[in-house]
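Thanks for coming. Please keep the model open while I talk.

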Amino acid sequence: MPGLELSRDFYAEVVRPAVADVPHSAALIGAGSEVLEFDTERSTDHDWGPRVVLFVAGELAGKVRQAVERALPPTFGGYPTVFGGRHGVEVAEPGGWFTRQLGFDPRREITPLDWLSAPWQRLAEVTSGEVFHDGLGALEEARAALRWYPGDLWRHVLAAQWRRLAQEEAFPGRCGEVGDDLGSALVTARLVRDVVRLALLMRRRYPPYSKWLGSGFARLSGSAELGDSLSAALAATDWRERERHLCRAYERVAALHNRLALTEPLESSTRCHHARPFQVIDAQRFADALTASITDPVVAGLPPVGSVDQFADSADLLTHPGRCRAVTRAVLNP
């Protein structure tokens, strides 16, 4: 049984009756492959079972925990209700829970620092899953506010992603030209990752972390041809072949950029990198056009690095919202 379905039934049959007299909200959101619906039978081998995040006023948390613990059966739906050393009902106060997950409380005004310091994985976890009951009115409005970036911040993040392509798009050929085939393959893999993330961002999807990045991309409707080009670039054994498949991918995301109509249409065919014999899309054109289309002076004045996921790549940072916030603040205000 998918974890989301299991937890929905668990709330309805076990948790809700135990707290029926307490104002609360309940959901399956936050960490866990089942929240993003990526869970499989393999997911059940550890720290997996019926789960609910139960939101209550802070002064009621102790009482609610006791009521839940008294009501828990040993198993539900064929799975233990205690796993990983604890049961699967997390009792939390809404503001504290959101701040632990994201570094801020989205029920208040969300600032550019809030948006750009929140890792994509965390934004996906908070806006995915399912709300089972929102008696406090604490979840649906907050999730709606976080569903996607405001328009100018979306342009800013897209520009940063195009800029990442611009910085390395000529390198698979340059490495290959000097006989560094491993280097060419390594850069190609980085570019493929950036194109996948760009495609997700263009389709208003928060890119998940590496374990689920390909799975998230594969869920995009109409992504098969782009995926074929990217897979072929990774499988290629010659830099010219890698370049050919990458160029096909670049032209597809360039065409998608034009369909979004966030800027004036841009030429979507590849061309030589300056006077050198390497084919590129000249991704900086797209970054510049997106940046020029930003009207909010605060966003227009931000450094061109985008969100924390675009300038940092450490799990020990990206799984710690406080660190993300501190680093992003330092980057935005050097």
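Let me begin with a definition: rings of Phe, Tyr and Trp (its six-membered ring) pair if their centres lie within 6.5 Å, and planes under 30 degrees apart count as stacked, over 60 as edge-to-face and the rest as tilted. With that rule, ring pairs link W115, W148, Y149, W154 and Y206 into a cluster.

Before going further, where this comes from. This is a predicted model, in which local features need pLDDT of at least 70 and side-chain atom pairs count only at pLDDT 80 or more, while totals for chains, interfaces and linings use all residues. Residues are numbered from 1 along each chain as its sequence is written, and side-chain values use heavy atoms, with hydrogens and water left out.

The overall picture, briefly. The protein chain has 17 helices and 10 strands; helices (H or I, at least four residues) and strands (E, at least two) are DSSP runs, numbered from the N terminus. Its C-alpha atoms fill a box of roughly 75 × 45 × 35 Å along the principal axes. Of the 334 residues, 51% are buried, where buried means under 20% relative accessible area, exposed over 50% and partly exposed in between (1.4 Å probe, protein chains only). Contact means heavy atoms within 4.5 Å. Among contacts with a separation of 6 or more, 70% are between residues 24 or more positions apart.

Back to the rings. The whole structure holds 14 aromatic pairs. One of them is W148 with W154, edge-to-face, at 6.3 Å centre to centre and 85° between the planes. W148 counts as buried because its relative accessible area is 7%, and W154 is buried at 8%. Another pair is Y149 with Y206, also edge-to-face, at 5.8 Å and 75°. That pair links distant parts of the chain: Y149 is in the loop between α6 (140–145) and α7 (151–168), Y206 in the loop between α9 (181–202) and α10 (210–218), 57 residues apart. Both tyrosines, Y149 and Y206, are buried.

W154 has a charged neighbour too. The charged end of R204 sits over the ring of W154, 5.2 Å from its centre; the rule is NZ of Lys or CZ of Arg within 6 Å of the ring centre and within 35 degrees of the ring normal.

Staying with α7, is H156 buried or exposed? H156, which is in helix α7, counts as buried because its relative accessibility is 5%. Its contacts, not counting residues up to four places away in sequence, are L116, I294, V299, L302, P303, P304 and G306. H156 and A300 are 144 residues apart in sequence, but 7.9 Å apart in space, C-alpha to C-alpha.

Helix α7 also comes up with α13 (residues 284–292). The buried residues of α13 are R285, F286, A287, A289 and L290, and they pack against α7, α12 (239–260) and β9 (271–273).

On a 1 Å grid over the protein atoms alone, a cavity is a set of points where a 1.4 Å probe fits but cannot get out, and a pocket is an open set with protein on both sides within 12 Å along at least five of seven lines; lining residues have an atom within 4 Å of a point. Grid points are joined across faces, edges and corners, and a volume is the space filled by probe spheres set on the points.

The largest pocket holds about 1,200 Å³. It has 45 lining residues, with A31, G32, S33, E125 and Y209 closest to its centre. Helix α5 (120–127) gives the largest share of that lining, 4 residues. By class, the lining divides into 18 nonpolar, 13 polar and 14 charged. Here Ala, Val, Leu, Ile, Met, Phe, Trp, Tyr, Cys and Pro count as nonpolar, Asp, Glu, Lys and Arg as charged, and the others, Gly among them, as polar.

The second largest pocket has a volume of about 430 Å³.

The residues lining the cavity include E169, P172, E243, C247, Y250 and F278. Helix α12 gives the most to this lining, with 4 residues. By class, the cavity lining has 6 nonpolar, 2 polar and 2 charged residues.
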